[in-house]
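Hello,

Here is the structure I said I would pass on.

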Amino acid sequence: YIIFTDLDGTLIDHDTYSYEAALDAIKLLDQKDIPLIICTSKTRAEIEVYVKELNIHHPFISENGGAIFIPRGYFNVDFEYTSENEDYEIIELGTRYEELRRVLSIIRDRTSLPITGFGDLNAEEVSEDTGLGIESATLAKEREYDEAFKMEDDSGTELLKEHILAQGLNFTRGGRYWHLMGDNDKGMAVSILTELYRKIHPSVVSVGLGDSQNDLPMLQTVDVAFLVQKPDGKHDPSIEDDDINRVEGIGPEGWNRAIIKLIGSNENRDIV
Ligand code: 2M8
Ligand code: MG
Ligand code: MG
């Protein structure tokens, strides 16, 4: 198995940002040497905090599939990475943040929609809006391939979508925010990374866990998909795909249950 997971509202609680309720399952994956691959709308800088805390030494996917960061030398295969640095081999799929900000401001001017992006807020304001601490909010502002933004209400939704598509960009929605991005999504990134794993382990089974609309492309790409409950105890109503397993449990509680059920006993292997 390889496990792709969303963070906000999935592996970590929507409000407290804690993975406490999923620790048993996290430990189980570690014991069995099953890669835990974070695939989130969070930034590289935010993910690095979790990767360090959880002692993860696997690739991760930032900003809704904007980029894949692979620890150097992790896959010893022939592949044309977009770039590399001291720490990672990088596959870039997204549009640069500066370009996203430029287009967002054009759309705001043309539509007068009440759009506020993370780039319009300082760290204190992001912290207040998200419930993240100031340090985490600062890391959330270090955006490279995705702009998170909010609108005062949903009345301008259709107009907004029209303008985003007309500008050649895309959007999705997370637990709290809209996201403006390029020609990328979590599914594309998951599929590229899965291919890399399959060069080494051809029959590896991919698993995905998520909670929101931005997870749908990932959940449709993996072999086994789990949707956890939102804070209101319901599953995202916009996700209707029958191939996606709806697990009982909000966020990390559902995550814990799904992983233990899948990995915890060999009898469940026939689920795939
Ligand atoms: C934003 O992402 C969440 C994910 O679902 C959202 O859209 O509600 C991100 O931009 C992320 O960087 C940030 O940490 C998070 C905080 O809730 O919000
Ligand atoms: Mg989420
Ligand atoms: Mg499928």
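In helix α6 (residues 157-166), T157, L160 and I164 are buried. Buried means under 20% relative accessible area, exposed over 50%, partly exposed in between (1.4 Å probe, protein chains only). Helices (H or I, at least four residues) and strands (E, at least two) are DSSP runs, numbered from the N terminus.

One caution before going on. This is a predicted model: local features need pLDDT of at least 70, side-chain atom pairs count only at pLDDT 80 or more, and totals for chains, interfaces and linings use all residues. Side-chain values use heavy atoms, with hydrogens and water left out, residues are numbered from 1 along each chain as its sequence is written, and chains are lettered from A and ligands numbered from 1 in the order in which they are written.

What do the buried residues of α6 pack against? Their partners are α3 (97-111), β7 (115-117), β8 (147-151), β9 (170-173) and β10 (178-181). Contact means heavy atoms within 4.5 Å.

α3 and α6 pack at an angle of about 135 degrees, and their axes are 10 Å apart. Axes are lines fitted to C-alpha atoms, for helices over the stretch in contact; angles run from 0 to 180 degrees between N-to-C directions. I107, R110 and T111 of α3 make the contact with L159, L160, H163 and I164 of α6. After α6 comes G168, with a positive phi near 75 degrees.

**Magnesium site**

D6 (OD), D8 (O) and D211 (OD) coordinate the magnesium ion (ligand 2), at 2.2 Å. Donors are N, O and S atoms within 2.8 Å of the metal (3.2 Å for Na, K and Ca); water is not among the atoms, so sites may look incomplete. The donor spacing in sequence is D-x1-D-x202-D. D6 is in the loop between β1 (2-5) and α1 (23-31), and D211 in the loop between β11 (206-210) and α8 (216-221). This pair is 205 residues apart and links distant parts of the chain. Both D6 and D211 are buried.

**S18**

S18 is in the loop between β1 and α1. S18 is partly exposed, at 28% relative accessible area. The C-alpha atoms of S18 and D8 are 9.2 Å apart. Leaving out residues up to four places away in sequence, S18 touches L11, I12, D13 and P252.

Best wishes
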